[in-house]
Structures are given as C-alpha cells and as structure tokens.
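Subject: Structure handover

Dear colleague,

I am passing on the structure we spoke about, and below it you will find my notes on what was found. Please read them with the model open beside you.

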Amino acid sequence: MPQDEAGTGAGVSRRKFIAATGAVGAAGLAGCQSESSGDDTTETTTSGNNNQNTQTTTQSGSSEPEMLTAEGSSTVYPIANTGSSYWNSNPPNSDGEYWGSNDEGTVPGWEDLGSPDMRLADYFASLYGFEPTGQQATPPFMTSIGLSHSGTGCKSVWDGLVDIGNSSGPITAELGWSESQRDQRVVDHVVGRDGQPVVVSSDVYDAGVTELTGEEVRKIYQNEITNWSEVGGHDQEIYVIGRAEGSGTDTSFRLNMLGSADAPMPGVNTRFGQNQQVAQAVQQNEGAIAYMALAFTGPQVQPVAINFEGTVYKPDKDAEHTIFDSDYPLNRDLHQYTKITDDTPNGTDMREAAFINMFLTTFGQTVFVEGNNYIPLPTKDIESEKAKLPDQA
Amino acid sequence: MSSLQDRVAAVPGAFSRALRRSREFVAETDPVALAVVGIMTVSLLGALVGFLLVSALTAVPFVVFLASAAYGWVFHQGLTARALTFAMTVSTILILLLIIVFIFAESVPMIRYESATVFGVSVPGLRMFIQPNWDAVSPPIRYSMVPMIHGTVMVTIIATMVAGPLGVAAALFLSEIAPPAVRETVKPGVEILAGIPSIVYGFIGFTLLGPWASDKFDILGQGTYLFVGIVVGMMALPTVVSVAEDALAAVPESMKSGSLAIGTTDWQTMTSITLPAAISGVSAAVLLGVGRAIGETMAATVMLRGVPRLTEPIYNVFYGQETLTSLIARNYGEADGLQMDALFVAGVILFVTVLAISIVSQYIEWRMRRKLGGEA
C-alpha cells in the first residue's frame, strides 16, 4: 500500500481534495437537477404525450434521486469508473457492445439477466424501484467516481461526503477500527479481487501438472526445484517467468508466495513488465510457469490449482475453494463501503444497491472486473454479497 | 622552449587583434542594429537564467527576445541572421552539456552507494564493476553493472561479426564490381533498410526467432545473445554498407588504374590497392555500425530475458540476459530511489562508450583525409 502511505503524509492536501470533491459533486448535482428539470419541461411542452410520461415528469420533478458519488482507491477505481461510465450513458438493449444484443454481438451474461427490454441503467435501477427514463445518457440517477486513496475513500464514506467508499484494503486497517465498529458503522461490499493466478504452459498442464502446493511454487521460484518431473510432470526443465523487478506485482508475489517482500528469486529465468508479454512467452515456450492477470489465460496458458496447507484452491468458479476466493493467498478483496445511517439501518440505500448490484452479475463481473484484469468473484461469494443488498422491487 | 615563449607572447597579440577587430566592427555597424542584437543577447541570457532557476517569469525575457529578433529580421536581416545562427549553435551545445551534467549528477548517489574499499582506500563506484550480482529487491542489495556490460559486449561482438564482413563485402561489390545500374538501384535500397523501426526487428525476434531458437538449440525459454546480436547486426548493416561504399568510392581512380596498368587482375587491385587505401574509412564504417549496435534498445529489450546475471560459461551466447540499454528501457517505469540512479549509471557508461567510439572514428576519418587528401 505505498499510495496510502503517501496519502497520510499529505494530510492537508487530502482534506482539501475531499472538500473539493464534495463541492464538485454538489455543483454537478445542482447542474444535473436544473438540467433535467429543464429537459422535462421541454419534453412535456413539445411532445406532450401519454399519461405515464406525465406522471414520470411530475415525480422526478418533485423528488429526483440524488447523484450517486463514490471515491477512493486507485485499484478499485477502474472497476467502479467503467461501471459508472456504462451507467451514465444508459445504452439501449439494441447496442450489442455495451448492453443488450444485436446481430453483431451480445454482452456477456445477457442470458442470465433474462434479456431485459430496457436500457442498462434503467434496468438495474428499476430493480430497486426507480422509474426508467428510456433516454440515452440520462439514467434514473447519475453516478460519479472520484480517484484518491483507499484511506481517503473510507474516511469520506464515514464522514458522509460520498455514498460509496472504494478501498483495496479492509476499512479496519485503513481507519484503525475494530471489527465490531466496522459492523456497526458500514456495510462491506466486495465487488472483485486483485490477484495473480499461477499459470503453466499447456505442455506442462497436459502432462498432468494441474495442481501445485504453495511450497512447490516457492521452491520453483527460488531455484530449489528446476524440473517438472520433481512435481509430477514430464522430464522438462522449468522456464520460470517473473515480473518487472520491484513492480507492485513482483512485490506482492514475493510477499504472499515467498514469505516476504524482499525474498530472493534466484530461479527466475525471464522478467516481463506486461501481462501480454507473459501470456505470449508462456504460449510459445515449453515448461513455462508464470503469474499474471486472469484475463490473459486460455487453453495455451492454463491456471493451476494451488494447495496451501491442505486447502486446494481450484481454477473453477463453482468449486468449494477457488483461486477466486478471498483467502487464496495471492488475492485481496476490492471493497465498496456504504455507511449505515438512521434512514438506512441495513446500510445500503436503493441507489447504492442498484449500482452495486450491477457488479454482482455475470455481466458486471465479466465486463467491469475481468475486463480490467481483476479476479471475478466465485459463485458463492456473489450470492453472499447479493444477500447484503436490500430486497429488489 | 622558444616556441613556448612565442606562444606566450602571441596570446596578448591575438587578444589585442581580436579587440581591434571588434572595435572596427562596432564602428562600421549601424548602432540601431547593434542595439537590437544587444537586446537579443541580454534577453536570451535572461531567459536562460530564468529557465535554470525554474522561474515563472522566464517567458518575459523570451518574449522580448522573440520581439527583438522579429524586429531585427525585418530591418537588419544580415546581422540578426548572424546572431541567430550563432545563438542556435550555442544552444545546441548548451543543451548537450546540460544533459551530460544531469545524467552524471543523477548517478552520483549510486556511485556513492557502490563504493568498495581497496587497500584501505574507499573507491566510489568500484563495487559496480568488481562483483557480478544485481539484486534491487532482496538483501544484499547490489547494483553490479558487470552483467549488463557483458551483455552489451556480447551483442556488439556478434553484431560486428555479422555487419562487418557482410557490410564490407557488399560495399566492395557495389563500389568495384557491380555495373552502375545495379549500384544506382541497390544502394538506395540498402539505405531504406536503415529506416525500418527497430521494434519491427524486435517483434520478429520475440515471436519468431526466440521460440525457434529455444526449440532447435534446446534452450530453456527464449532470449539469446546470439540472435539479438544477429538482429542488431542486420540493423547496423545498412550504415556499414553505405559508409564503406563511400570510402571505397573515394579512392582515386589513378591509383587503381596504375595498379591495373602493371598487369594485376581486378581482384588483386581490390585487395592490395583499393581496400588498403580505404581501410580507414572502412573501419570507420564498421565502428559506426558498432556504435549503432551498442545503442540499440528496442530489439534488445523485447528479445532479452531482463534478468541481470552473467551467462555460464561467460562465452555462452545461447542465453541472453540484459544489456545496458535494455536495462534502462525495461526498468524506468517501475524503478525508484537507488534503482533509478543505477539506470543513470548505465546511461553514463553508454554515453562514455559511444563518445569514445565516435572520437576514434572521427580520428580515423581525419587520418584518411590526411593520407589521401592531396589527391581527392
């Protein structure tokens, strides 16, 4: 967490930043309200159509839902921000690329959603009782994602400056809370995970190495095991691929797999900076082992199950323990915190629920989580996360 | 001794002559033009000072300079042009000097960190060259330049072995044997080769040559000095052909005719007259190619392994770890602190090497001109 440390050092600027974000949020909100009420007037005067439409107008005029705001960790930011961008543009279900289906394509997880006959934000908002607008770039309520640090995001949601606080670390560690304090004050929504599955090249996988123990991976990277035959594979030297020396990926692998952030890696044969290069090198070389973002795996680049002290984490979303789990040592949770208030005793209001629920679908996990090279949640976690949200309308 | 005295005496003489000449120049020139050039000089110097102090007011003297230059260009073009061209030359040299000072200054912490004690005397930077371990993360943290220097030397030797013979042979053919029509079409063609971006070579090396070599030579993984050297040699080839051909063509026709007149064959003339006469230029061509090989970055970065360590045994060309240039290109994004300073040290080593090569090739060129100058 280097960015969090840096953030603590610049306390003043952080506070200023929050204030500024709040002000911008409020200004945006005001602009949004006046703008949409203006739109509504023109709509009624020019097209003055059926009953239902007029009703919508009056309703949104009187109690228009506020803009949903979020800020925090740069690690969670890509997920939240892509989601927000999709949400704000409110694409129609005939789009095919961002939402819905047409001749040219269908978004992932479209069947699971039951092919709804609505625009993106209209659909997800309507699940929690909001009226669809039916208009491009006009969702039932706008969303805005700010970028700062995990600690700032946690503090901002606790201070009520934003609706959702994004954090790559648990709020207990970020703000020094006890677990009971956390449970009284906020609800923790996990939308995805950050981590690097261990992958091997297809020849190794086909020769039967589909599972390694944590100790074996450590020995391979520290040059104590140099041939696949030592771990149940064929007689082939191991081509060990690492990541750019001193990079975040490199450091977290050393920390979680080899025991400490400065553990030596004498077994590494090659280092690459980018996931694409790693995937390419694993594909075109025999006997390769590497760790990289899940989005780049495939039939030529196979993620393997890892056995940590007797628990086998499988690369299968429906297994009991999976490499997508929170306690898989190479993963960390990406949190979205919402505050428990007097109005929302269960912690999540309808706007927050509508937005967060979007990420807890096959569509959201594939597009927003995997699409940004993060680890999607396994099936059982999606269910337990959905249980934290209020009942759908 | 007398010559020294002469020289000492000559200094004030030259000085007073320069003073007299500038006084004449001032007397002859329009005072308005002089004032304009004076304003230009002062404002440009002011802008430089502002730039060095990172002042927000730097724009003010610079705008004054631009305005006075524009005025001078319209009303006193001759003198303004002289002043402007002089200013351009000075700023080129100044920029170069600033860059040199910067990379040296940035590498100082690393040189301090890697001090080694020899016979009780602490020599800054020495440990970078007397032990081969590089590890920027796990203790003991060491930044040895030996693996990268080894890598650069390996790649350069192989590249020279490819580009030297091929390039000189091609130059000899183009200059001495090929009919004019062939020369006129092939030479520009060879020069076009120099325009292919190096990432294209690197990409071919990474996706095609690397896996192929790994398979055929039974190498663990991909990345070999041999193929990086061959690819870089190919890239240096156009430079070598082009410069060597110029050198061979510069050998006076009378020398060749004289040789042929005493009954030698074309081939004998080539090997015993043309090539020896042009040998300085040909070596300069090869040296320029070597300079290109040392500085080549993209292809090496993409094809090498990026793990700084010596190959075993040391002449093993089938494993390719890291060169000075690829170290910088691979790590600049992630490095900070000492690791970043280590990259600047690699830059300094590269700078000094390329400077030395360039001086040597200039010297060879100068010798060649002196040797054949009377005739050319």
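Please keep in mind throughout that this is a predicted model.

I begin with strand β7 of chain A, which covers residues 239–243. Tyr239(A), Ile241(A) and Arg243(A) point one way from β7(A), while Val240(A) and Gly242(A) point the other way, and all of them are buried. Because five of the five residues of β7(A) are buried, the strand is largely enclosed by the rest of the structure.

As for its partners, β7(A) runs parallel to strand β9 of chain A (residues 288–291), to which two bridges join it, and in that pairing Tyr239(A) has Ala288(A) as its bridge partner. β7(A) also runs parallel to strand β8 of chain A (residues 270–272), here with three bridges, and Arg243(A) is partnered in β8(A) by Phe272(A). Together with helix α11 of chain A (residues 248–257), the strands β7(A) and β8(A) make a right-handed β-α-β unit.

Turning to chain B, you will see that it is divided into domain 1, spanning 4–112, and domain 2, spanning 146–371. The C-alpha centres of these two domains of chain B lie 39 Å apart. Where the domains touch, seven residues of domain 1 of chain B are in contact with eight residues of domain 2 of chain B, and the residues on the domain 1 side divide into five nonpolar, one polar and one charged.

With best wishes

Notes
Residues are numbered from 1 along each chain as its sequence is written. Chains are lettered from A and ligands numbered from 1 in the order in which they are written. This is a predicted model: local features need pLDDT of at least 70, side-chain atom pairs count only at pLDDT 80 or more; totals for chains, interfaces and linings use all residues. Domain bounds come from an automatic or database domain assignment. Two residues are in contact if their C-beta atoms, placed from the backbone, lie within 7 Å. Ala, Val, Leu, Ile, Met, Phe, Trp, Tyr, Cys and Pro count as nonpolar, Asp, Glu, Lys and Arg as charged, and the others, Gly among them, as polar. A residue is buried if 20 or more other C-beta atoms lie within 10 Å of its own, exposed if 12 or fewer, and partly exposed in between; C-beta atoms are placed from the backbone. Helices (H or I, at least four residues) and strands (E, at least two) are DSSP runs, numbered from the N terminus. Two strands pair if DSSP finds at least two bridges between them. A crossover is right-handed if, with the strands pointing away from the viewer, the path from the first strand over the helix to the second runs clockwise.
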